[in-house]
Amino acid sequence: MTFTPLPPQQSFQTTQGINSLLGSRDGSLWMATYQGGFSRLDKNGETFSFSIKKGGVNSIIEDHAGAIWIARDHLLGSEGALCRVAGDDLKCYGKDQSDGNPAHIATAIAEDSSGDIWFGCRMLCRWNGSSISHYLEEQMDHPSGEGVVALAAGAAGSVWVALDGVGPGLGVRHYSNGSFLSYEVPGFDGATIRATALFVDRQQTLWVGTDSQGLYHVHDGHADHYAAAQGLTGNEVRTVYEDREGNVWITTDKGVDLFRDTPIVSFSSTEGLGDAAAVIARNDGSVWVGRKAALAIIRGDSISLTTVADGHPIQNVYALLEDRLGQVWLGIDRTVMLYRSGKFSKITGRDGRALDHIGKVVSFTEDIDGNIWAIAFEDLGHLDHLLRIRDHRVQEDMDLSSLMPRRAHFLGADPAGGIWIGTGDGKLAHFLNGVAKIVYPGSSGGPRLTMFSLVVDSAGIVWGPTNHGLYRWEHGKVSVMDPRNGLPCPESTAALMDRSGSLWLEGGCGYERISAADLARWTTRPEAQVTATTLGTLDGADSGWNEDRIQPNAAMSPDGRLWFVGSSSIQMIDPGRSYKNLAQPPVHIEGLVADGQSYSPSSAITLPPLTRDLQIDYAALSFVMPQRMGFRYILEGRDKDWENPGLRRQAFYSDLRPGSYRFRVIASNNDGVWNQTGATLDFKVAAAWYQMIWFRALCFVAALLLLWAIYRLRVRRVAAAMKARFDERLAERTRIARDLHDTFLQTIQGSKLVADDALSTTTDPSHMRQAMEKLSAWLARATEEGRAALNSLRTSATEVNDLADALRRALDECRIHGAMEVTFRVSGEIQEMHPIVRDEVYRIGYEAIRNACVHSRATQLTLELSYAQDLGLRIADNGVGIDPDIVRRGKSGHFGLQSMRERAARIVGKFSVESSAGSGTVVTLIVPGGIIYRPGNR
């Protein structure tokens with residue numbers, strides 16, 4: 001809980017001392033001081049002060065219609081003591097004695113069920129809307145102290161008044177049948193109480209604060225008393241207030257106390273019920289509790305302790321049982337006693353003597369034949385007894401160790417005959433006609449099982465709460481309800497059915513309720529899930545178990561209330577009463593902190609650019625159980641879904657982008673009732689210059705231009721690549737055209753001339769024959785030249801990598817043209833080459849070889865291929881050579897040299913031709929290794 005001080009207000013000086021506060025239904029806070037200050041602080045934080053010239057404001061109330069009333073004192077002249085707020089003014093009543101107000105004073109104030117306003121005026125006054133009636137007029141003649149100091153009004157016209165003083169006619173009085181009488185109920189004598197505060201809560205119970213006697217709570221016809229000895233912060237009570245959830249707040253001279261209604265009522269050592277061992281609920285409505293040194297009996301709102309039984313002081317009361325005749329069987333000290341007709345009597349043994357040393361009785365049951373069965377532990381003799389009692393005498397005393405392998409703690413009657421016997425380690429046996437048959441082996445071979453109690457219902461089904469869940473035995477079939485079915489805790493120490501058929505379990509998590517529908521579903525399908533409603537420590541749970549596992553440890557009284565043996569108390573739950581908190585918690589946003597700078601949520605918030613760390617503080621008011629509240633929040637503009645922070649009351653964000661945001665937070669109370677409206681906070685995060693829209697637009701345009709430029713560059717590169725491919729194709733076509741023109745077409749043209757010559761002299765057979773032989777030679781030459789042209793196109797495509805072999809075949813073709821000495825040398829390690837560059841080298845070499853074979857008339861031809869840092873190709877002949885002018889500019893109509901230079905340029909090679917007339921020709925080509933060699937092979 002956090003307290004925030006209210007800043008000093010110019011129009012309302014809190015330094016005068018606040019005398020009274022009221023929170024009205026419209027969300028305003030009304031404040032009054034001892035010196036006459038009276039102001040309103042509305043929910044928007046604005047303050048308005050009413051004009052009061054003199055006197056103080058003693059009390060403020062809000063009536064059923066929402067009107068605000070105040071009671072004043074120390075007035076000037078004929079000013080009224082009872083005033084109602086009318087807009088920004090006060091409408092006062094009783095300005096003079098003709099209005100019926102005999103004194104210029106009004107102390108306490110209250111509204112009754114009919115809408116009349118009661119206020120203290122030395123005596124007691126009642127304003128009905130038109131006039132003032134008087135009560136307790138004797139106070140005017142014999143005033144006592146301050147007169148009326150407190151008032152409270154309840155339903156049906158009930159009014160309580162507190163007069164300053166004690167004794168006859170003073171103290172707390174009650175209006176009944178037209179007159180005021182001293183108010184007396186068990187535990188409260190109004191004439192002896194000097195009250196300072198009276199309050200009637202929504203349950204129509206009366207709270208009385210006193211000046212030195214603490215607090216009294218009058219309900220259900222009796223009074224509970226709380227003072228410093230019972231935990232109240234102080235004995236001087238000043239005010240009593242009830243909030244919107246029904247919590248009652250008490251202020252004392254030493255602190256603030258909170259009273260709230262819990263679903264679990266505890267009866268502890270304060271009420272004389274500490275160290276409880278067993279509990280039964282009798283048919284007469286009383287609840288009996290076995291404990292150390294006494295038997296406790298709860299009847300209505302009273303608790304009595306019986307400390308003597310059959311003339312002997314009680315040391316311990318253990319197991320309890322009420323039989324079908326209404327008699328109560330008790331394990332007291334080391335014997336068995338029977339309570340009937342208001343008397344205790346001991347049970348005798350088989351020999352007729354008193355049963356004084358049977359041991360600690362831990363369990364009773366009554367079978368269908370009216371036999372009473374009991375288990376007793378004789379620790380000194382290490383004997384466990386199973387007793388059958390009939391006609392107030394032990395008929396059988398059996399050694400349990402001969403019937404059960406482990407110590408038995410629990411008994412239950414089988415409606416079909418016989419009894420059930422349970423052990424601490426979970427073994428279950430059916431005992432009938434002197435024979436005990438084990439029907440369940442307990443924890444043998446599995447996790448250690450500990451049974452805490454045993455219950456047999458009217459259908460003969462056995463229920464066993466254990467440390468590993470609730471066991472259920474029905475006709476030899478065992479079912480277990482544990483956390484796999486939805487229980488919050490595996491341990492159960494007691495099981496009890498309420499009137500609705502719901503199952504209640506006491507265990508490690510407190511008290512768990514499984515509805516009748518879920519229970520029926522689970523009994524049909526043991527794997528089914530159940531929903532458990534849990535009452536834990538915050539609800540008042542004090543669950544536990546005693547080491548001896550005395551039975552029974554749970555009971556249901558005829559009024560439907562459930563009683564359990566707790567760890568240090570007896571605990572009562574009323575399943576028929578709803579404790580659900582239906583009040584939606586109001587939600588408030590406390591503030592916003594951004595990068596260490598605090599901002600008020602009451603004004604518009606614009607955060608600076610580049611805000612990194614953001615914290616939003618929020619709160620919700622629910623005082624029933626704040627530990628069970630829930631929160632959810634969402635930042636609209638950032639979060640996609642609601643966040644669940646648990647109990648955390650801060651939201652954290654970092655690196656929010658510029659823009660407008662709305663923070664929404666909702667909260668639930670302890671019972672899961674949500675305030676879906678919640679609270680909201682709007683704020684903005686300013687943008688830095690580079691986060692502005694114009695800058696983003698500029699960046700967008702720049703990005704478009706960049707993309708357009710990249711696109712244009714790509715188009716140009718693609719166009720250049722396509723142009724290069726087209727130029728390459730064109731160059732290849734040009735080379736083919738040159739080759740055809742220089743060789744094949746000229747040979748065809750020569751063949752045509754030979755044919756024309758032969759046709760010119762068709763009558764000369766000898767000439768015709770010579771012409772035909774010459775034509776045949778020319779056609780053979782054309783065939784060879786055509787084949788050579790095709791080979792120059794095809795050979796490079798069929799070779800994978802061996803440039804040397806391809807050039808060697810070209811040399812072999814050269815020998816066809818005549819006898820020529822050919823020398824071919826390869827140096828260096830053969831490298832993997834780029835196929836396109838290799839083809840260009842081959843075509844340059846092929847062209848040089850063909851030219852040497854066809855035109856040089858050489859007798860020697862040398863070819864050198866070197867694989868070094870760069871690729872080198874040298875072709876030399878000893879022929880007639882080439883005219884230097886032709887080497888420089890080429891020969892008109894021939895394209896061989898030009899084609900070789902163009903190919904060399906495309907592959908970034910160095911191409912040279914050295915020749916002179918009569919000295920032969922040398923063609924050299926050097927290609928950079930980075931161009932022709934494959935990466936990794938250089």
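Please keep in mind that the model is predicted. Three disulfides are counted, and two helix pairs are described below, α5 with α6 and α6 with α8.

**Disulfides**

- C83 and C92 are joined by a disulfide with an S to S distance of 2.1 Å. The torsion about that S-S bond is 100 degrees, making the link of C83 and C92 right-handed. Both cysteines, C83 and C92, are buried.
- Another disulfide is formed by C121 and C125, whose sulfur atoms lie 1.9 Å apart. The link of C121 and C125 is right-handed too, with 85 degrees about the S-S bond. C121 and C125 are each buried.
- C489 and C509 also form a disulfide, with 1.5 Å between their sulfur atoms. Here the link is right-handed, with 55 degrees about the S-S bond. This pair links distant parts of the chain, 20 residues apart: C489 sits in the loop between β48 (477-481) and β49 (492-497), while C509 sits in the loop between β50 (503-507) and β51 (510-514).

**One more cysteine**

- If you are looking at cysteines, C699 has a relative accessible area of 36% and so is partly exposed.

**Helix α2 and the strands it meets**

- In helix α2 (residues 516-524), the buried residues are D518, L519 and W522. They lie on the same side of α2, because they cover an arc of only 100 degrees around the axis.
- What do the buried residues of α2 pack against? Their partners are the strands β46 (462-466), β47 (469-474), β48, β49, β50 and β51.

**Helices α5 and α6**

- Helix α5 (residues 803-814) packs with helix α6 (residues 835-855) at an angle of about 20 degrees, and their axes are 10 Å apart. That angle makes α5 roughly parallel to α6, because angles under 35 degrees count as such.
- α5 and α6 make a right-handed crossing.
- On the α5 side, the residues that meet α6 are L803, A806, L807, A810, L811, E813 and C814. Their counterparts in α6 are R838, V841, Y842, G845, Y846, I849 and C853.

**Helices α6 and α8**

- α6 also pairs with α8: their axes come within 9 Å and cross at roughly 160 degrees. The two helices are therefore roughly antiparallel to each other, since the cut-off is over 145 degrees.
- The crossing of α6 and α8 is left-handed. From α6, the contact is made by E840, R843, I844, E847, A848 and N851, and from α8 by G896, M900, R903, A904 and R906.

**The buried side of α8**

- Which residues of helix α8 (residues 896-906) are buried? They are G896, L897, S899, M900, R903 and A904. These residues are on the same side of α8, because they cover an arc of only 160 degrees around the axis.
- G896, M900, R903 and A904 are buried and also take part in the contact with α6.
- Just after α8 comes V908, which has a positive phi of about 55 degrees.

Notes
Residues numbered from 1 in each chain as written. Predicted model: local features only at pLDDT ≥ 70, side-chain atom pairs only at ≥ 80, totals over all residues. Heavy atoms only, no water. Buried < 20%, exposed > 50% of the residue type's maximum accessible area, 1.4 Å probe, protein only. Helix = DSSP H or I, 4+ residues; strand = E, 2+ residues; numbered from the N terminus. Arc of directions from axis to C-beta. Disulfide = S-S within 2.5 Å. Contact = heavy atoms within 4.5 Å. Axes fitted to C-alpha atoms, helices over the stretch in contact; angles between N-to-C directions. Parallel < 35°, antiparallel > 145°, perpendicular 65-115°, else oblique. Left-handed = near helix turned anticlockwise from the far one by under 90°.
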